[in-house]
Amino acid sequence: MTAVFCRECLEYFKTMLGYVFISAFLFLSGVSFAAGNILTLKAEFNATLNNCIYVFMITSPLLTMRLLSEEKKTKRDQLLLTSGLSTTEIVLGKFFSALCVFAVTCALTSVYPVILFMLGSPDLPLILNGYLGFFLIGTAFISVGVFVSALTENQLTAAVGAYGFLLLFLTLDLLIPRVRVSWISTILRWFSLFRRFAPYQFGSFSVSSTVYYVAFSAAFLAFSILAMEKRMS
Amino acid sequence: MSSIAMDAPLIQLDGVSKFYGKKQALRDISLTVGKGEIVGLLGRNGAGKSTMLNVLTGYLPVSEGRVSIGGADMAEKPREAKRHIGYLPELPPLYDSMTAMEYLRFVAKIKRMKDADIEGEAGRICGEVGLLDVRNRLLRNLSKGYRQRAGVAQAMLGRPDILILDEPTAGLDPKQIVEIRSLIHNFGLGRTVLISSHILSEIAEICERILILREGELVNDCKIGEIGASLGEIGKLRVRAACEEDECERILRNVAEISSLRFIGVEEAGSSDWEIGYDRGGADVRPAIFDALAEAGGKLLMMKPVEADIEDIFLRMTASEERHET
């Protein structure tokens, strides 16, 4: 798994993909930071992090679209699968490489709170809690992207499919206030990827949301492994 | 690489079948390949060669039956079984953004070689396959010949007991073909090599044993020497008749002794040339051809024997249900 992880991490930066993703994310999150904090003179960074969720929703398929689809298309999966690696090792290696690039990008955005600290005195634990929530929801987005990448041989289809899945989750979230049946509303609220970020945004660490995001990611990674094995048989 | 009893088969297939949905790609294949054998796998397109190699290497699971490599069951102990195999698929599985050395280091890692051995082994293989001069160049910038060498190198990495090569010389120029063959030959000394190829002369040159697949079925498993004997069983004639192609084909198809018929071309105006195959063990086909043409009002302008080659054996074995080849 480590070999696959290292190779994939390097691949992001040997091709333009890693740079394009990081540039796009930093540009859009920078616009959000400028509009939400600098121009309005507000020190509340977690609202910016909340906007960054939507930025990552748009940019995350760039990270995941080629991970498994390209291997299948170029038949390089024959090398990986006949060398003794299991599908689990391959999927996890690729997932963690995307997660690693995401983590590096998150680290780069720390320049925004640093600017806020230079101009005022924002609440550090609140910001760290927000970052934790943002990282967890980002993990969930990446797992969805990996899953869609396991379903197809075409990178573009994988990217569009990942957008589709994430938009579906967003749409379900937007439907919640309009649902009149309380039990359906409760279920949607429980499953909502986006609403579960709220506790982190407002400074409280939520065990249930953390467990939810980890379980959500694990489930989509398990689906990815099953999809890969099903496609081979 | 590992200790395997000398007499134990390295590759063993018991009643292996493979289905893609309702289509059966492999039909009840059973065979064993021992240590040190160099085996050629032949078959027409769609005969199931690549499926068989994919099943052997554990890339595809079998639908029925059992694959055992080096004594380890592929379904139960895939990692142990795959440890014995070096595999070059039809399309070399290369990462274009890596250099040849980086690629070999990566393959060594996923093959779980010891860290201390990786650098030396990658360098040694680079030297053996002739990649030393280009070892620090990106794979995307290498010629097809070098890319194929890189593919062969990754298969040979770690000195596996079994080398499985799918069309290893496809698309190479004659010089590169000779070099790759030489590599395979040198590596194969004392090891088991299984090669799939559509170049029959290549198989005849490299391999000691031939497996022939037809529609997923193993129709022949013989030594090269036996193929030589089979060559003696096939008779071939070159015939020129003074009639047009369609008319001549109609006449010759009615000759029961002919086992294969192939139109060659028109060498003289108003005539057609044919290559006719027949079984030497049967009745003499020449009077029958003469009589058939004479009765239909055609004239025989030429009839001479031609030497049969391995291609004829291949056609005969892969298309034995088709009496006439056109």
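**Figure 1. Glu215(B) sits in the loop between strand S9 (209-214) and strand S10 (217-223) of chain B.** In this predicted model, local features need pLDDT of at least 70 and side-chain atom pairs count only at pLDDT 80 or more, whereas totals for chains, interfaces and linings use all residues. Residues are numbered from 1 along each chain as its sequence is written, chains are lettered from A and ligands numbered from 1 in the order in which they are written, and side-chain values use heavy atoms, with hydrogens and water left out. Helices (H or I, at least four residues) and strands (E, at least two) are DSSP runs, numbered from the N terminus. The phi of Glu215(B), a residue other than glycine, is positive and near 50°. Most residues other than glycine have a negative phi. Glu215(B) counts as exposed because its relative accessibility is 57%, where exposed means over 50% relative accessible area, buried under 20% and partly exposed in between (1.4 Å probe, protein chains only).

**Figure 2. Asp28(B), in strand S2 (residues 23-33) of chain B, is not a glycine and yet has a positive phi of about 45°.** With a relative accessible area of 56%, Asp28(B) is exposed.

**Figure 3. Asp96(B) and Arg147(B) meet through their side chains in a salt bridge of 3.0 Å, N to O.** This pair links distant parts of the chain, 51 residues apart, with Asp96(B) in the loop between strand S6 (85-88) and helix H3 (100-110) of chain B and Arg147(B) in helix H5 (residues 144-156) of chain B. A salt bridge is defined here as a side-chain nitrogen of Lys or Arg within 4 Å of a carboxyl oxygen of Asp or Glu. Asp96(B) counts as partly exposed at 30% relative accessibility, and Arg147(B) counts as partly exposed at 24%.

**Figure 4. Arg149(B) forms a salt bridge with Glu179(B), the closest N and O atoms lying 2.2 Å apart.** Arg149(B) belongs to helix H5 of chain B and Glu179(B) to helix H6 (residues 174-188) of chain B, so that the pair, 30 residues apart, links distant parts of the chain. Arg149(B) is buried at 15% relative accessibility, whereas Glu179(B), with a relative accessible area of 26%, is partly exposed.

**Figure 5. Arg240(B) and Glu268(B) form a salt bridge in which the closest N and O atoms are 2.7 Å apart.** Here too the pair links distant parts of the chain: Arg240(B) is in strand S11 (residues 234-241) of chain B, and Glu268(B), 28 residues apart from it, is in the loop between strand S12 (258-265) and strand S13 (272-279) of chain B. Arg240(B) counts as buried at 12% relative accessibility, while Glu268(B) counts as partly exposed at 39%.

Figure 6. Contact (heavy atoms within 4.5 Å) joins 25 residues of chain B to 22 residues of chain A. The count of salt bridges between chain B and chain A is three, and Glu102(B) forms a salt bridge with Lys14(A), with the closest N and O atoms 2.7 Å apart. The elements that give two or more residues to the side of chain B touching chain A are helix H2 (78-82) and H3 of chain B, and H3(B) gives the most, with six residues.

**Figure 7. In chain A, a network of salt bridges links Arg7(A), Glu8(A), Glu11(A), Arg66(A), Glu70(A), Glu71(A), Arg76(A) and Lys94(A).** A search of the whole structure finds 32 salt bridges over all chains.

**Figure 8. Val181(A), Trp183(A), Ile184(A), Ile187(A), Trp190(A) and Phe191(A) make a nonpolar surface patch of about 620 Å².** Patches are made of residues with over 30% relative accessible area and no salt bridge, like charges being joined within 9 Å and nonpolar side chains (Val, Leu, Ile, Met, Phe, Trp, Tyr) within 5 Å. Accessible areas come from the Shrake-Rupley method with a 1.4 Å probe, and for residues only the protein chains shown count as cover. Val181(A) lies in the loop between helix H9 (155-175) and helix H10 (182-191) of chain A and is partly exposed, with a relative accessible area of 37%.
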